[in-house]
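Colleague: Could you walk me through this model? I'm new to reading structures, so please go slowly.

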Amino acid sequence: MFTAIFGSFEAGIIYAIMAMGVYLSFRILDFPDLTVDGSFVTGGAIAAVLIMSGVNPYAATVVALFAGFLAGCITGVLHTFGKINNLLSGILMMIALYSINLRIMGRPNISMLNTETAFSKIEAVFEKTGIDAFLNNLLTMVGLGDSLPQSWGILIMMIIVTFAIKFLTDWFLQTEIGLAIRATGNNKRMIRSFSANTNLLTILGLGISNALVAFSGALIAQQGGFADVGMGIGMIIIGLASVIIGEALFGTKTIVRTTLAVIGGSIIYRIVVSMALRFEFLDPGDMKLITAIIVIIALTMPKVLDYSKEKKRKARRKAERLSIITASVEGKGENHAAVKSDS
């Protein structure tokens, strides 16, 4: 159980970067961007090809990030200057990226097993410094010695990287450009009245969103040891599930709190999926079905709870009115009896 939760937490913190990208397009820009399903693969494909060509894994991951930024910008150009519907522009870019990703990889998938990646470098550092041995000894002392992870390096490093991106996102969304992007998603007419170029702001926002998605794709490819042309199918749903679950559980009062909620939602989503797959009647092929069910529950539960609260509130108000009416009627009856006794 501990090993399953550990693996889910590790994957969730990496996918949280992708979820923050979805949050930027879906919530901040109010743009249903389906480019995510393609740009996620683009990040993994570019990272895999460069690493297999002997390029430094860290440099390959950064190149993947810029490739995602370019893909998002093209989607923005299709929508703003091409006047194509936002949903359709994302679909067109997603379809185009499928062929582009095949061109990049040269075949449907690339294996990076027994190849040095960013994560293998991190694991080697943690093993040499003795951090893994120290943490595993602590787990053994508390009775978890039978389910020790192979390395803590990926988890610790990804917590640092993900929260660094979170803090940069928080800072950026509070800058002048970030506020303008938020205003563009909220009310384009209003921000245009202040002479802001909403087209460029939309392109920039989609570029940053898909840069984070591609960055996450590059990391996932290195974690799994392969890049596949179909690894991005359903990424937009997973990202939305993370955003919706996080918002429902942790709230959205401030940007800082919301980005933290997105990270939490991504981790919780991965843990829920992992626990669901432990049931005997489910297999890995049911993962998309589980995802759909989780999203449906996350979307409907807040409304059901709000309806239940509103129903209770109305019943309480009705009871209060009845008590007031009953008290007034009883008061009138007592006054009438008093008048009769005086007469």
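Modeller: Let us begin with a term: a residue is called buried when its relative accessible area is under 20%, exposed when that area is over 50%, and partly exposed in between. Arg-313, at 31% relative accessibility, therefore counts as partly exposed. Please keep in mind that this is a predicted model.

Colleague: What does Arg-313 pair with in a salt bridge?

Modeller: Arg-313 forms a salt bridge with Glu-310, and the closest N and O atoms of the two are 2.4 Å apart. Both residues lie in helix 13, which covers residues 287–342, and they sit 3 residues apart, about one turn of the helix. Glu-310 is also partly exposed, because its relative accessibility is 31%.

Colleague: Are Lys-166 and Asp-170 buried or exposed?

Modeller: Lys-166 is buried, because its relative accessible area is 3%, and Asp-170 counts as buried too, at 5% relative accessibility. Another salt bridge brings together the side chains of Lys-121 and Glu-116, with 3.3 Å from N to O, and there Lys-121 is partly exposed, at 22% relative accessibility.

Colleague: Changing topic, which residues have the most contacts inside the largest nonpolar core?

Modeller: They are Ile-14, Met-18, Phe-40 and Met-158, in a core that has 64 residues. The largest share of this core, 13 residues, comes from helix 1, which runs over residues 2–28.

Colleague: And what does Met-18 touch, leaving out residues up to four places away in sequence?

Modeller: Met-18 touches Val-36, Phe-40, Leu-212, Val-213, Ser-216, Met-235, Ile-238 and Gly-239. There is also a second, separate core of 5 residues, and among them are Ile-46, Ala-64, Ala-67 and Ala-218.

Colleague: Which residues of helix 6 are buried?

Modeller: In helix 6, spanning residues 131–141, the buried ones are Asp-132, Asn-136 and Leu-139. Seen down the axis of helix 6, its buried residues fall within an arc of 55 degrees, so they line one face of the helix. Phe-134 and Met-141, on the other side of helix 6, are exposed.

Colleague: Now the whole chain, please: how many helices and strands does it have?

Modeller: The protein chain has 13 helices and 2 strands, and 44% of its 343 residues count as buried. If we take contacts with a separation of 6 or more, residues 24 or more positions apart account for 77% of them.

Colleague: What radius of gyration does the chain have, and what would a compact globule have?

Modeller: The protein chain has 26 Å, whereas a compact globule of 343 residues would have a radius of gyration near 20 Å. Along the principal axes, the C-alpha atoms fill a box of roughly 110 × 60 × 40 Å.

Colleague: How much of the accessible surface belongs to carbon and sulfur atoms?

Modeller: Carbon and sulfur atoms have 66% of the accessible surface of the protein chain, which comes to about 18200 Å².

Definitions and conventions
Residues numbered from 1 in each chain as written. Predicted model: local features only at pLDDT ≥ 70, side-chain atom pairs only at ≥ 80, totals over all residues. Heavy atoms only, no water. Core = buried A, V, L, I, M, F, W, Y, C linked by side-chain atoms within 4.5 Å. Buried < 20%, exposed > 50% of the residue type's maximum accessible area, 1.4 Å probe, protein only. Helix = DSSP H or I, 4+ residues; strand = E, 2+ residues; numbered from the N terminus. Contact = heavy atoms within 4.5 Å. Salt bridge = Lys/Arg side-chain N within 4 Å of Asp/Glu carboxyl O. Rg over C-alpha atoms; globule rule 2.2 N^0.38 Å. Areas by Shrake-Rupley, 256 points an atom, 1.4 Å probe, with all protein chains shown as cover. Arc of directions from axis to C-beta.
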